[in-house]
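Please prepare a short briefing on the structure below.

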Amino acid sequence: MAENRLQREMTARVMDERPKQWMQAEVLPEPDKQPGYAYRWIRVSTLNAPDPRNISGKLREGWEPVGIEEQPKFRLMVDPGSRFKDNIEVGGLLLCKTPQEFVEQRDAHFAKQSQNQVDAVDNTMMRQSDPRMPMFKERKSSTSFGKGI
């Protein structure tokens with residue numbers, strides 16, 4: 001009679017054991033990242049009210065929903081009543097990805113826009129400045145050493 005059992009040394013119970021230390025569960029778990037892509041949770045609804053303006057804006061910016069086949073560990077977390085079938089939606093948030101180049105270009109765009117606004121405010125204030133009472137005073141500090149005897 002042949003036995004189809006594995007020897008005890010070949011099986012490991014380490015994989016079957018639960019963690020030894022309690023940790024609070026994450027509300028939005030971190031996805032397994034593919035190189036070259038940035039991931040983000042994007043709002044599709046608030047208090048069960050759809051937010052089509054937000055999701056359509058993000059889709060136009062280049063974000064694309066992540067399919068459940070790309071992240072199989074989320075299979076049990078997906079909302080059963082989701083409007084986005086075969087995608088990962090948790091609590092009104094949809095997991096999306098975009099190429100890393102898009103994120104860098106977006107960051108550069110908003111950094112430039114922010115710097116232009118700061119420059120505009122500074123120029124407006126300098127235009128209103130009077131030399132007798134300047135709004136900005138260049139402060140310079142210097143260190144001097146005592147003279148030897």
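**Salt bridges and overall layout**

A search of the whole structure finds five salt bridges, a salt bridge being a side-chain nitrogen of Lys or Arg within 4 Å of a carboxyl oxygen of Asp or Glu. This is a predicted model, in which local features need pLDDT of at least 70 and side-chain atom pairs count only at pLDDT 80 or more, while totals for chains, interfaces and linings use all residues. Residues are numbered from 1 along each chain as its sequence is written, and side-chain values use heavy atoms, with hydrogens and water left out.

Salt bridges

- Lys73 pairs with Asp32, with 3.4 Å between the closest N and O atoms.
- This pair links distant parts of the chain, 41 residues apart: Lys73 lies in the loop between β4 (64-65) and β5 (89-90), and Asp32 in the segment before β1 (37-43).
- Asp51 and Arg43 form a salt bridge at 2.7 Å, N to O.
- Glu70 and Lys97 form another at 2.8 Å, N to O.
- Here too distant parts are linked, since Glu70 is in the loop between β4 and β5 and Lys97 in strand β6 (residues 93-99), 27 residues apart.

- Asp51 is buried at 17% relative accessible area, and Lys97 is buried at 6% (buried means under 20%, exposed over 50%, partly exposed in between, with a 1.4 Å probe and protein chains only).
- Glu70 is partly exposed at 29%, as is Arg43 at 35%.

Fold

- The chain has two helices and six strands (DSSP runs: H or I of at least four residues, E of at least two, numbered from the N terminus).
- Their order along the sequence is β-β-β-α-β-β-β-α.
- Of the 149 residues, 23% are buried.
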